[in-house]
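Me: I have a model open and would like to talk it through with you. Could we start with a term that will come up, and then go through the structure?

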Amino acid sequence: MGVYTATALASLAIVVGLELLVLRTGIFRTTQYWVAMAIVMAFQVPVDGWLTKLSDPIVLYNPDHMTGWRVPWDIPVEDFVFGFAMVTLALMLWVRFGRDQTRNKEHA
């Protein structure tokens, strides 16, 4: 397994584990989260597809560090895993600390 693939999978495991075991925001059960992820993907596919297209790439990857699997428009599957982990972490922290801020204001 390549470094990029291993790092992508580790980031996914860490973020999902953080949600399920530590933060417990419940975002995976909300429609808003999945709509937000669909919006992210709607923008990620054309942009990432343009950047990574094999016919004229702007971003190059070392094939020894990846699975080599590419889905729509030559996008490395690892890019989707990283994107999912990054956006999910940001949303989890936003929800978690936003709730704490609201609770603190109510008790002040």
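Reply: A polar contact here is a pair of N or O atoms within 3.5 Å, where, within protein, one must be able to donate a hydrogen and the other to accept it. Please keep in mind throughout that this is a predicted model.

Me: OK, so how far is the side chain of threonine 5 from the backbone nitrogen of threonine 67?

Reply: A polar atom of the threonine 5 side chain lies 3.2 Å from that backbone nitrogen of threonine 67, and the cut-off for a polar contact is 3.5 Å.

Me: And where does threonine 5 sit, and is it buried or exposed?

Reply: Threonine 5 belongs to helix α1, and with a relative accessible area of 7% it is buried. Leaving out residues up to four places away in sequence, threonine 5 touches His65, Met66, Thr67 and Glu78.

Me: Let's step back. What elements does the protein have, and in what order?

Reply: There are three helices and two strands, and from the N terminus on they run α-α-β-β-α. The radius of gyration is 17 Å, well over the 13 Å that the globule rule gives for 108 residues, so the protein is more spread out than a compact globule.

Me: What does the C-alpha trace span along its principal axes?

Reply: The C-alpha trace spans about 60 × 25 × 20 Å along those axes. Of the 108 residues, 28% are buried, while among contacts with a separation of 6 or more, 64% are between residues 24 or more positions apart.

Me: Switching to aromatics: how many pairs does a search of the whole structure find?

Reply: The search finds six aromatic pairs. In one of them, the rings of tyrosine 4 and tyrosine 61 have their centres 5.4 Å apart and their planes at 35 degrees, so this pair is tilted. Tyrosine 4 is in helix α1 (residues 3–23) and tyrosine 61 in the loop between α2 (31–52) and β1 (70–71), so that the pair links distant parts of the chain, 57 residues apart. Tyrosine 61 itself counts as partly exposed, at 23% relative accessibility.

Me: Which parts does the pair of tyrosine 4 and phenylalanine 82 tie together, and how are the rings placed?

Reply: The ring centres of tyrosine 4 and phenylalanine 82 are 5.1 Å apart and the planes are at 45 degrees, so that pair is tilted. With tyrosine 4 in helix α1 and phenylalanine 82 in helix α3 (residues 77–106), the pair ties together parts that are 78 residues apart in sequence. Phenylalanine 82 has 24% relative accessibility and therefore counts as partly exposed.

Me: Which residues do ring pairs link into a cluster?

Reply: Phe28, Tyr33, Trp34 and Phe84 are linked into a cluster by ring pairs.

Me: Now aspartate 79. Which side chain of opposite charge is nearest to it?

Reply: That is arginine 70, which is 7.0 Å away. Aspartate 79, placed in helix α3, is buried yet has no salt bridge. Not counting residues up to four places away in sequence, aspartate 79 touches Tyr4, Gln44, Asp48, Thr52 and Tyr61, with Tyr4 and Tyr61 being the partners in the tilted ring pair at 5.4 Å.

Me: What about the phi of tryptophan 73?

Reply: Tryptophan 73 has a positive phi of about 55 degrees although it is not a glycine. Most residues other than glycine have a negative phi. Tryptophan 73 lies in the loop between β1 and β2 (75–76), and its 57% relative accessibility makes it exposed.

Me: Last one, proline 72. Where is it, and what is it in contact with?

Reply: Proline 72 is also in the loop between β1 and β2, and at 42% relative accessibility it counts as partly exposed. Setting aside neighbours within four places in sequence, proline 72 is in contact with Val45 and Phe80.

Methods. Residues are numbered from 1 along each chain as its sequence is written. This is a predicted model: local features need pLDDT of at least 70, side-chain atom pairs count only at pLDDT 80 or more; totals for chains, interfaces and linings use all residues. Side-chain values use heavy atoms; hydrogens and water are left out. Rings of Phe, Tyr and Trp (its six-membered ring) pair if their centres lie within 6.5 Å; planes under 30 degrees apart count as stacked, over 60 as edge-to-face and the rest as tilted. Helices (H or I, at least four residues) and strands (E, at least two) are DSSP runs, numbered from the N terminus. Buried means under 20% relative accessible area, exposed over 50%, partly exposed in between (1.4 Å probe, protein chains only). Contact means heavy atoms within 4.5 Å. Lys and Arg count as positive and Asp and Glu as negative; His and the chain ends are not counted. A salt bridge is a side-chain nitrogen of Lys or Arg within 4 Å of a carboxyl oxygen of Asp or Glu. The radius of gyration is taken over C-alpha atoms; the globule rule is 2.2 Å times the number of residues to the power 0.38.
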